[in-house]
Amino acid sequence: MKTKHVVDLTDLSHKELMEIIHLANEIKARPEDYMDACRGKILSTLFYEPSTRTQMSFQTAMLRLGGKIIGFDNPQNSSVAKGESLKDTITVIGGYADIIAIRHPMEGTAAAAAMYSPVPIVNAGDGGHLHPTQTLTDVVTLYNEAGRLDNLCIGLCGDLKNGRTVHSLIKTMTSFPNNRFILISTPELSVPQYIKDIINASQCNYTEVSSLVEAIPELDVLYMTRIQRERFSSEEEYRKQDGVFVLDKPKLKLAKKSMKILHPLPRVDEIDVEVDYDDRAKYFIQTVYGMYGRMALILKMLEGSRREFSPRVMPTHHYHCCNKRCITQTEKYLPAIFTEAGGDMLLCRYCDGRTLI
Ligand code: NCD
């Protein structure tokens, strides 16, 4: 595989993505053929934020490939608590492990880590920004359960502002023809503008609605998400959004028999437990597909990879990103890197945040 780091799934070419989906299915069919495929290799999981599925799925994936794992899931038990920078942690762990999966509350962390890592970096979630391996989980699920990745009417419902899995999924699905997105949220939790710009620049289109009941009959896929409590400025703000969208049996009666229900999990209260027993519910099998997807991704990323430091990256501008959740706010040594987005607008290369100059 040509790509060294996976900050988002769109870092992979279409061909690479399809190869990974097919490899995931091959591993699922014949796991015994792959049980030594990563013998002698080490995966490090650096989780600065809570996780059940993503972390354990990465770890299980590496163990099932015959490799070993190191890492932390509580940065307070590591030198981070002594004030170590991301750059130094990554440089050191890059000397121990062959591949690093990193999750962090600040947006753009994986892109920053990739600048200093001598080994491949996989983004396991950076704040409310992106989550490519959840998207890999989602596409492996759709490929197998819906039978296609194109010509789908995809409803995404819930916290579309802070839900990083939503952003990565939309970005990837715009690269398949004739997908249509129905974005179901309150106005406060709608998809960020840069994601809408990506849809507009593709051959796909979207509509924004506020009623799940009205949208559900049209959908081939319903992607439910929880309201991301930890990303709200106050409990009061969260409470205003909590419980607005709940998928239950009466609503499901309005949906197509062939509709597939996905959810990145964890679920809070946005899907009634009764729905679990409906054939259309795919969110638990989705976690199994995710493990095979991550096995395939690890294998491909380690293929021919060598430990080598990346050249120093120089700043492109003298401005600071104004996104308060951008990693450049806390790791001050990071070079400011922007792309010009037309007019007075700069787009931060770490977090995709917009800065007006
Ligand atoms: C998601 C995440 O962490 O962004 N969970 C996951 O990785 N499966 C979704 C969420 O936390 O709501």
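Which residues lie nearest the centre of the largest cavity? The structure is a predicted model, in which local features require pLDDT of at least 70 and side-chain atom pairs count only at pLDDT 80 or more, while totals for chains, interfaces and linings use all residues. Residues are numbered from 1 along each chain as its sequence is written, and side-chain values use heavy atoms, with hydrogens and water left out.

The structure holds 1 cavity of 30 Å³ or more, a cavity being a set of points, on a 1 Å grid over the protein atoms alone, where a 1.4 Å probe fits but cannot get out. The largest cavity has a volume of about 80 Å³, the volume being the space filled by probe spheres set on the points. Its lining comprises 13 residues, and I227, G243, F245, D269 and E270 lie nearest its centre; lining residues have an atom within 4 Å of a point.

D126 belongs to strand β4 (residues 121-126), strands being DSSP runs of E with at least two residues and helices runs of H or I with at least four, numbered from the N terminus. D126 is buried yet has no salt bridge. Buried denotes under 20% relative accessible area (1.4 Å probe, protein chains only), and a salt bridge is a side-chain nitrogen of Lys or Arg within 4 Å of a carboxyl oxygen of Asp or Glu. Polar atoms of the D126 side chain lie 2.7 Å from the backbone nitrogen of G108 and 3.0 Å from that of L130.

R164 is also among the buried residues of α6. Helix α6 (residues 164-173) is largely enclosed by the rest of the structure, because 10 of its 10 residues are buried.

Notes
Buried < 20%, exposed > 50% of the residue type's maximum accessible area, 1.4 Å probe, protein only. Lys, Arg positive; Asp, Glu negative; His and termini not counted. Polar contact = N/O pair within 3.5 Å; in protein donor to acceptor, adjacent residues only side chain to side chain. 1 Å grid on protein atoms, 1.4 Å probe; cavity = no way out; pocket = protein on both sides within 12 Å on 5 of 7 lines; lining within 4 Å.
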